[in-house]
Amino acid sequence: MEFKRKSGVLLHPTSLPGSWGIGTIGKTAYNFVDWLVSAEQSLWQVLPLGPTGYGDSPYASFSTFAGNPLLIDLDLLVEKGWACKKDILPPDYIKKNGNVDFGAVTWWKIPVLKKAAAYFLENAGAEDKALYKNFCKEKRDWLEKYSIFMSIKAEFDAKAAQEKPESSIWFKYWPKNLACCDENAVKSWKNEHSLEVELYSVIQFFFEVQWLELKKYANENGVELIGDIPIFVAPDSADVWANQEFFQLDENGCPKFVAGVPPDYFSADGQLWGNPLYDWYKMKKDSYSWWIKRIKRIFELTDILRIDHFRGFEAYWSVPFGEKTAIHGEWIKGPGIDLFKTIRRKLGDLPVIAEDLGVITDEVRALRDETGFPGMKVLQFAFSTNEIKENGFTNVFLPHQFCTDNCVVYTGTHDNDTLQGWLEAASDELIVLVASYIEGKKLTVEKARALVKSGALRKDMIKTVIASNAVYAVVPMQDIIGCGNEARMNMPSTTGANWTWRMNTGDLKQKFAEELAFISNLYGRNLD
């Protein structure tokens, strides 16, 4: 797939301002598209769009196919006649400004959406109901099981919260016939809870309509959407529950082995993610049908796809279930190029970005190159005082070391500190190294620090990324508006305060758009 030279912005919709409790795909999202157009940007990158589960992480979703209900804009539902205005008014503890309180928002908004879904079923016109029925028919392959899963989960999670809060996950707490997704038990549950199950389907219809209308608006204005999927799916998900034969599970649905990464320079214990691992043998025998459906679905919602942890397709770190750390794992070979050949044969050439960060071997590089997917470069990873002492400026993340334009360059990602926060926290030695490289002259600590304080070094680093030969250049919104580390989106291997950052209403300044447009024009990133 041929990529054209472009630039854009990384911003998850939850971070948009101006709506109650959390960013939505309502009018502020359209305003953001307008801002991107004025900034002459042609890419909007988002994080995974699924309904968030454990730790509020978009990378731990209840479904890789469904949309996040919290992104649904309630005012747009009222405008379409799909909700009653008096039903969407928030309580006093839900605010329009400030970071996202996921617990409070979920507690308020999910019941409101269920009430709106019931209102829709009772009051929607014939044409709208026909659209809904067609949606259910087209998406039945994943929608029905997702809606049933969420219905079962709602009941048994409430019981688990009272009795064993740590055991609310389905394979630990549900009755065995439901946990094993027994066909008769699932059918019986659907019949006995038909309205509750349908409410979840209607809510997904709301998301689908709003998201596709936003996507259409973005595309018509020259903005493409970059979507994102993690290689693995959450254990507490409809994906695992409804497709147990494709995962390394025991007879009770409990994982035998889980995903992570081994100990390294950053973590002595490695990272224990806890995702169930795929049974690639069975997936291959089934012609990777689940993966084909997954990839097809993300391209219904977005134009370009970033696959997180691409190296896991070459080999993945397998840790026995129940281990407290990732130390006692081993590398197991993944499906390799066979998976991607099958995807290409079924779906054609697709614009995919491979997140090739972490422990990258020659075998991983060879797989990436054989697929033809562009890899990733992160400017924050380019600078190390140890490397400069030993080797000079040879880090592969430095723009002058990009050996190909078939890559996507970022100032940082959702897992990094903001650029301004990272610069402010850097040691004197490192900040002199960064400033000297970016500015092209030897600087003292005092002059380097002055460039950081003024924001000039941050802006010049953005310019460096956009000027590079990488085919795409993407900059997080926090870096454009100059946020400090209070705006960091995620600190890997931690829970509790991640994913909560929101822009302020006044952050979409025209001066930022003009600065970005000038740089992008200067370096040929917005040419047809």
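Where is Asp182 found? Select Asp182 to begin: the residue lies in the loop between helix H7 (176-179) and helix H8 (183-192). Please keep in mind as you click around that this is a predicted model. With a relative accessible area of 33%, Asp182 is partly exposed, because that value falls between the 20% cut-off for buried and the 50% cut-off for exposed. Asp182 and Asp417 are 235 residues apart along the chain, and their C-alpha atoms are separated by 45 Å.

Next, select helix H9, residues 194-220. Just after H9, look for Gly222, which takes a positive phi of about 80°.

H9 also leads you to the core. The largest nonpolar core has 171 residues, and H9 gives the most to this core, with 12 residues. To see the members that touch the most other members, select Trp35, Trp44, Phe206, Trp291, Phe313, Phe383 and Met461. In soluble globular proteins, nonpolar side chains tend to be buried together.

Stay with Met461 for a moment. Which residues is Met461 in contact with, leaving aside its neighbours within four places in sequence? Show Leu379, Phe383, Thr411, Leu419, Trp422, Leu423, Val434 and Ile438 to find them.

Now move to a helix pair: H3 (residues 102-123) and H4 (residues 126-138). Their axes come within 9 Å and cross at roughly 120°, which means that H3 is oblique to H4. On the H3 side, display Phe120, Leu121 and Glu122; on the H4 side, display Asp128, Lys129 and Tyr132, and you have the contact. Its residues divide into 3 nonpolar, no polar and 3 charged.

Follow the chain onward to Lys139, placed in the loop between H4 and helix H5 (140-163). Is Lys139 buried or exposed? Lys139 is buried, with a relative accessible area of 10%, because buried means under 20%. Not counting residues up to four places away in sequence, Lys139 touches Glu208, Arg297 and Glu300.

For the last stop, select helix H12, residues 289-301. Its 13 residues reach 19 Å from first C-alpha to last, close to the 18 Å expected. Colour its buried residues: Trp290, Trp291, Ile292, Arg294, Ile295, Arg297, Ile298, Phe299 and Leu301.

Technical notes
Residues numbered from 1 in each chain as written. Predicted model: local features only at pLDDT ≥ 70, side-chain atom pairs only at ≥ 80, totals over all residues. Heavy atoms only, no water. Helix = DSSP H or I, 4+ residues; strand = E, 2+ residues; numbered from the N terminus. Expected span 1.5 Å × (residues − 1). Buried < 20%, exposed > 50% of the residue type's maximum accessible area, 1.4 Å probe, protein only. Axes fitted to C-alpha atoms, helices over the stretch in contact; angles between N-to-C directions. Parallel < 35°, antiparallel > 145°, perpendicular 65-115°, else oblique. Contact = heavy atoms within 4.5 Å. Nonpolar A, V, L, I, M, F, W, Y, C, P; charged D, E, K, R; others polar. Core = buried A, V, L, I, M, F, W, Y, C linked by side-chain atoms within 4.5 Å.
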